[in-house]
Amino acid sequence: MRPGKRTKINELLSTAPVGEKVIVKGWVRTFRNNQFIALNDGSALENIQVVVNYEDLDPSILKRITTGSCVSITGEVVESQGKGQKIEITAKKVDILGDADAEKYPLQPKKHTLEFLRKIAHLRVRTNTFGAIYRVRHAMIFAVHKFFTEKGFYNIHTPIVTGSDAEGAGEMFRVTTLDPANPVKTDSGEVDYSKDFFGKETNLTVSGQLEVETACLALSDVYTFGPTFRAENSNTSRHLAEFWMIEPEMAFYDIHDTMDLAEEFLKYLANYALAHCKSDLEFLDKRATEEEKSKPQVERNELSLLERLQFVVTNSFEKISYTEAIDILRNSKPNKKKKFQYLINEWGADLQSEHERFLVEKHFKRPVILYNYPKNIKAFYMRQNDDDKTVAAMDVLFPGIGEIIGGSQREERYDVLKQRIEELDIPEKDLWWYLELRKFGSAPHSGFGLGFERLIQFITGMENIRDVIPFPRTPESAEF
Ligand code: 4AD
Ligand code: MG
């Protein structure tokens, strides 16, 4: 190792260069007996132990080595005398790079609740739990691009500011430069968006799908991976107002090809995490098992986090139609005993997360893909089936999460799509280009959207979606 150059802790731990002089830099997790620093630089979950000889050290420096402070250590790598680590560093020199007021530093070496940590989102990444989550998140971003690159897909950047409502749900954040107190008005007294920045009404996108379809009908296999925004007022452990979505779009795929791709993709991601995030996942597994103990017996997971990941990798997903699912739910115990909050009485009902979780966790005990949903509960662009009642939609349902993926075959027939847009009163002026794709060389095609944070919830075992994104945006909360 080059003298004068800092070595990262993960490299030291894996190469264990006993006898060498090194420089390490990082944040003090604990400082015991004025002698042992547990130092972490985020390169790994593990800390390196630094042994300082306090008799040699300037007492003014010694005082400044506190939990949270940032230090640079020059020292020698030695075999560790103590238990729990192979090597440690005998410090020759300690420089304080950044003090942490020991009395005011909010992260003490003790267990903090996740609720408390959400209030200090600027510091929570310095805990083992959040360090592990951030590293796993990075590994999953990389694995997404690797999967699609290996399959010959092209990554397309789709716009964040859009003029159309992809999901037709109307839950959008407006983008405008008009003065809210005094907007330009038309003669009839309405806000005149033709005078707005883009000359029309615009919003933050809820999905990159419509735009990525344009690339699909030229490059065949494409995907977009970007932030999406939904102004739905649902304060749940699975909803964010700003989340990241991966949306592949494939020419010449029907709904069954698409379900197969979704299954292969999720298995690949779980497998990648198991292979590349071992110590972080082992830590998160222990953490999740610990959390389970505070739950009533009936609500506890039968499988540990690592077992759940392994289970997804090795077992095939159950694929059933919406109609079959309704039959199962209608005759299920919680429906008959009126335990569901929303009872399933008839075909056509929208499924709630309690129903999705029943199918996955109690009935099939494995991931489930539901397909061919009633057209009235799904988006306008989904391909209509010959029965005139259903569309070629599919949702992938996961244990503990519910819907992790939503997708469909797209309506590629111009007349059918146009009629559906009219039936639903969707303003055609915003979608003329989307319709035009069906006029010029239309092709059967399909795609889906994977909610990236729901994936990270599954991979890390974190129960609240606010804990798997660095800065969660939820109703009444955008502090950081
Ligand atoms: O089912 P959704 O709404 O589908 C679409 O947006 C399609 N355009 C996707 C496509 O076919 N290209 O959303 C897809 C996924 C959901 O299954 C869920 O995992 C996630 O996005 N999702 C959310 N994640 C966090 N917070 C929210 N508010 C979410 N809404 C959807
Ligand atoms: Mg959906």
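Trainee: How far is a polar side-chain atom of Tyr-381 from a nitrogen atom of ligand 1?

Mentor: That gap is 3.5 Å. Keep in mind that this is a predicted model.

Trainee: And what about Arg-230, how far is its side chain from an oxygen atom of ligand 1?

Mentor: An N or O atom in the Arg-230 side chain sits 2.8 Å from that ligand oxygen. Leu-240 uses its backbone instead: a polar backbone atom there is 3.0 Å from a nitrogen atom of ligand 1.

Trainee: How much of ligand 1 does the protein bury?

Mentor: The protein buries 93% of the 630 Å² that ligand 1 exposes when taken alone.

Trainee: How many residues surround ligand 1, and which are the closest?

Mentor: There are 24 around ligand 1, and the closest are Glu-167, Gln-209, Arg-230, Glu-247 and Glu-403.

Trainee: OK, switching topic. How is the protein chain divided?

Mentor: Into domain 1, residues 9-107, and domain 2, which takes in 126-171 + 206-467. Their centres, taken over C-alpha atoms, are 44 Å apart.

Trainee: What area do domain 1 and domain 2 bury between them?

Mentor: About 720 Å², with 47% of it on carbon and sulfur atoms. On the domain 1 side, Arg-29, Leu-45 and Leu-107 lose the most area to domain 2, together 64% of what that side buries.

Trainee: How many salt bridges are there across that interface?

Mentor: Zero by the rule used. For polar contact, though, the count between domain 1 and domain 2 is five residue pairs, both residues at pLDDT 80 or more.

Notes. Residues numbered from 1 in each chain as written. Chains lettered and ligands numbered in written order. Predicted model: local features only at pLDDT ≥ 70, side-chain atom pairs only at ≥ 80, totals over all residues. Heavy atoms only, no water. Domains from an automatic or database assignment. Buried area = accessible area lost by both parts, 1.4 Å probe. Salt bridge = Lys/Arg side-chain N within 4 Å of Asp/Glu carboxyl O. Polar contact = N/O pair within 3.5 Å; in protein donor to acceptor, adjacent residues only side chain to side chain. Near = heavy atom within 4 Å. Areas by Shrake-Rupley, 256 points an atom, 1.4 Å probe, with all protein chains shown as cover.
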